[in-house]
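Please walk through the helices of this chain with the model open beside the text. The paragraphs below take them one at a time.

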Amino acid sequence: MAMVCLSDFEAYAKKYLPKIAWDFFAAGADDCSTRDENILAYKRIRFRPRMLRDVSVMDIRTKLLGTEISFPVGIAPTGFHQLAWPDGEKSTARAAKAMNTCYIASTYSTCTLEEISAAAPSGLRWFQLYIHRNRAVSQQLVQRAEALGFQGLVLTADLPYTGKRRDDVRNGFCLPPHMTLKNLEGAFEVCKMSLLDPSVTWNDIYWLRSLTHLPIIIKGILTKEDAELAVRHGVQGIIVSNHGGRQLDGGPATIDALVEVVEAVQGRVEVYLDGGIRKGSDVLKALALGAKCVFIGRPALWGLAYKGEEGLQDVLRILQDEFRLSMALAG
């Protein structure tokens with residue numbers, strides 16, 4: 001079957017992944033209204049295309065905190081890549097490197113940070129952090145990531161507790177016995193995830209800054225008030241995100257929240273977005289509304305499920321081609 005667009009990869013993943021894995025990746029919180037709204041919101045946005053603009057040559061490169069990537073789509077942090085493909089995050093890292101873009105590796109990876117960095121030594125990688133009740137665990141992870149050449153630290157701010165994802169509850173979701181959260185082995189019980197620290201505040205950004213020289217990017221911001229606080233606390237980037245609609249159901253679609261965040265920061269920090277990107281034209285809409293780059297979560301997992309590193313490269317290539325075409329057609 002010809003893989004022409006991202007929904008082809010979604011259909012393949014749904015057909016061939018074990019149900020418990022598909023349900024985990026697809027899950028949204030409660031009624032899934034925010035998850036679905038992330039996608040629907042793009043369909044309401046219309047271009048005002050301009051004609052006769054000489055689009056014979058286009059440059060789709062951009063920079064993330066000074067490092068060039070080939071086009072403005074990176075790979076968002078998602079957990080448990082081995083559920084999609086045996087090589088897990090190693091394949092993800094290799095695909096990102098091959099496409100010259102940024103991969104944000106999750107705290108909840110099924111490969112170690114060492115394995116991920118060895119898989120694509122010169123790739124642009126950021127590390128996503130959840131702060132655990134045992135701060136020493138988080139401190140050690142941050143320092144390991146920096147020592148291994150990760151170039152940014154992404155603090156996820158929207159998960160003091162895990163949202164209620166009904167299918168995961170029904171399925172009694174748990175990692176299969178042969179899979180572990182390699183970076184947290186022995187640190188806590190995988191199936192409970194109850195050791196996340198719900199007492200984290202803005203002041204903890206100062207603590208993180210004391211541990212590392214890496215730039216800190218905060219993920220999960222949806223309002224101008226929090227965007228302002230993020231800038232005030234010295235972060236260098238903001239990812240507008242609602243965790244793929246997996247946390248608070250009833251929040252805004254990320255593309256709708258983007259505008260007020262961009263307005264609030266006034267260019268003082270870079271603003272990125274994840275959630276709902278399914279076509280190259282979605283990428284263009286996000287950039288037109290002020291995002292520097294977007295990140296894909298579920299589509300990356302669908303690519304892995306299709307053909308590992310090669311499948312993920314296919315997904316990225318399709319988005320790249322569609323984005324270039326949309327740019328040209330919009331003038």
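Predicted model: local features only at pLDDT ≥ 70, side-chain atom pairs only at ≥ 80, totals over all residues.

Within α10, the buried residues are T254, I255, A257, L258, V261, A264 and V265. Because these residues cover an arc of only 155° around the axis, they lie on the same side of α10. The elements that cover the buried residues of α10 include the helices α3 (33–43), α9 (224–232) and α11 (280–288), together with the strands β7 (216–221), β8 (237–240) and β9 (270–274).

Helix α8, residues 203–211, can be read in a similar way. Its buried residues are D204, I205, L208 and L211, and since they cover an arc of only 110° around the axis, they are placed on the same side of α8. These buried residues pack against α6 (135–147) and against the strands β5 (124–129), β6 (152–156) and β7.

Helix α12, residues 298–330, calls for a look at its overall course. Although α12 has 33 residues, its end C-alpha atoms are only 27 Å apart, short of the 48 Å that a straight helix would reach at 1.5 Å a residue. Along α12 there is a kink of about 135°, centred on K307. Just after α12 comes G331, which takes a positive phi of about 80°.

Notes
Residues numbered from 1 in each chain as written. Heavy atoms only, no water. Helix = DSSP H or I, 4+ residues; strand = E, 2+ residues; numbered from the N terminus. Expected span 1.5 Å × (residues − 1). Bend = angle between axes of the 7 residues up to and from the residue. Buried < 20%, exposed > 50% of the residue type's maximum accessible area, 1.4 Å probe, protein only. Arc of directions from axis to C-beta. Contact = heavy atoms within 4.5 Å.
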